[in-house]
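This report walks through a few local features of one protein model. Have the sequence and the 3D view ready while reading.

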Amino acid sequence: PVLINSSGLYQELESDGSTMEDYSQEDWGNHSQDLHGYPTDQELDEIPVTKRTLKIKQESSEEAQKRDIMQNIVQILESVQLKWELFQSWTDFSRLHLSNKLAIFGIGYNTRWKEDIRYHYAEISSQVPLGKRLREYFNSEKPEGRIIMTRVQKMNWKNVYYKFLEITISEARCLELHMEIDWIPIAHSKPTGGNVVQYLLPGGIPKSPGLYAIGYEECIQRPLSPHVEQQSVDPGKEGRVDLETLSAQASLQVEVEPSRITYCYLGIAEVRTLQQCLFLHFQANTKTFSKDWVGINGFLSQNCIVDPGVSPKSIYIKFVEVERDFLSAGSLVECLEKAIGYPLKFNN
């Protein structure tokens, strides 16, 4: 028997003289399960089916969430067009400009067969300085570094690269607001005084400085595809169409895609608190509303005036506390726009 060692070369192994015939079929199955750490049928039977199903769903959901976050980080790195730097030595990460910086960074690789650099990993280093995190990814004693070292030694990869974008603490919190904090729906009252509704802000909004975002929900509608339109008429019934077909054509003029929440405003609660800022946006007096109002306050106020039988747009908020001293640093609006991939309508 032969084995490829860590340098990619074949080495001979001494055989212990045993063969498959030395094991019965039952012993061989048990031996294989012990070797790979697979649970036996008896152990699987002892785990309730519901628990197994829930665990699998939970793990798959967590993996999907991690994959989405990493994809979002890669999108940010690509949008600012950074160059890959070849990893050469440990001294790269002990340099002063990396030692105490927060950053978004990516680890990449290429192979002997394909020079294009592909992403292995991407992360927002918002708690630990960039230099320390990169050293962990190139340290064979760390789990992250062991993976990279093994793939280079086994010639899976040719070279390893890294790229990074320095960020401020406030920008790191802004990205956290986008990727980790859920939207909170804003309720509204029944129409009063004719066609006016009032927003009902939730409790628990902090009386502290920070960042907040306002968004609205929209349903994306598009014309029916030609395939759907063709199916609505039976080609064997030229010249006559039954009532069910006519009804279907009348009611299905558009396809409605799942709704999504669109960011429209990023606020910085620096002089006032988060609670005060959001109160000023949502409690504006609709009686004094003028069509000349512009910006987020005009949008929210106009949304309160609805026609009979028509509901206002669903509005959402999210917020994160940030120390006041950090809020003036960075380019927060541009940071969020890069992360979401479109401009904020009411920050311009």
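## Two loop residues

Met 155 sits in the loop that joins α6 (143-153) to β6 (159-167). The model is a predicted one. Most residues other than glycine have a negative phi. Met 155 is not a glycine, yet its phi is positive, about 60°. Its relative accessibility is 40%, so Met 155 counts as partly exposed.

Gln 81 also has a positive phi, here about 50°, and is not a glycine. This residue is found in the loop between α3 and β3 (85-86). Gln 81 has a relative accessible area of 71%, which is over the 50% cut-off, so it is exposed.

## The largest nonpolar core

In soluble globular proteins, nonpolar side chains tend to be buried together. The largest nonpolar core in this model has 27 residues, and Ile 104, Leu 175 and Leu 211 touch the most other members. Two or more residues come from each of these elements: α3 (49-79), β4 (102-110), β5 (118-125), α7 (169-180), β9 (210-218), β12 (260-269) and α12 (332-340). Because domain 1 (50-167) and domain 2 (174-218 + 260-340) both contribute residues, this core lies between them.

What is Ile 104 in contact with, leaving aside its neighbours within four places in sequence? The list is Ile 73, Ile 76, Leu 77, Glu 123, Ile 124, Lys 163, Phe 164, Leu 165, Ile 167 and Leu 175.

## Tyr 263

Tyr 263 is part of strand β12. Is Tyr 263 buried or exposed? Its relative accessibility is 5%, and under 20% counts as buried, so Tyr 263 is buried.

Beyond its neighbours within four places in sequence, Tyr 263 has contacts that include Leu 177, His 178, Trp 183, Ala 213, Leu 336 and Tyr 342. Tyr 263 and Lys 345 are 82 residues apart in sequence, while their C-alpha atoms are 8.0 Å apart in space.

## Helices α10 and α11

The axes of α10 (residues 274-282) and α11 (residues 295-303) come within 8 Å of each other and cross at roughly 55°. The two helices are therefore oblique to each other.

Which residues meet where α10 and α11 are in contact? From α10 they are Leu 280, His 281 and Phe 282, and from α11 they are Ile 296, Asn 297 and Leu 300. Sorted by class, this contact has 4 nonpolar residues, 2 polar residues and no charged residues.

How values were computed
Residues are numbered from 1 along each chain as its sequence is written. This is a predicted model: local features need pLDDT of at least 70, side-chain atom pairs count only at pLDDT 80 or more; totals for chains, interfaces and linings use all residues. Side-chain values use heavy atoms; hydrogens and water are left out. Axes are lines fitted to C-alpha atoms, for helices over the stretch in contact, and angles run from 0 to 180 degrees between N-to-C directions. Helices (H or I, at least four residues) and strands (E, at least two) are DSSP runs, numbered from the N terminus. Angles under 35 degrees count as roughly parallel, over 145 as roughly antiparallel, 65 to 115 as roughly perpendicular and the rest as oblique. Contact means heavy atoms within 4.5 Å. Ala, Val, Leu, Ile, Met, Phe, Trp, Tyr, Cys and Pro count as nonpolar, Asp, Glu, Lys and Arg as charged, and the others, Gly among them, as polar. A nonpolar core is a set of buried Ala, Val, Leu, Ile, Met, Phe, Trp, Tyr and Cys residues joined through side-chain atoms within 4.5 Å. Buried means under 20% relative accessible area, exposed over 50%, partly exposed in between (1.4 Å probe, protein chains only). Domain bounds come from an automatic or database domain assignment.
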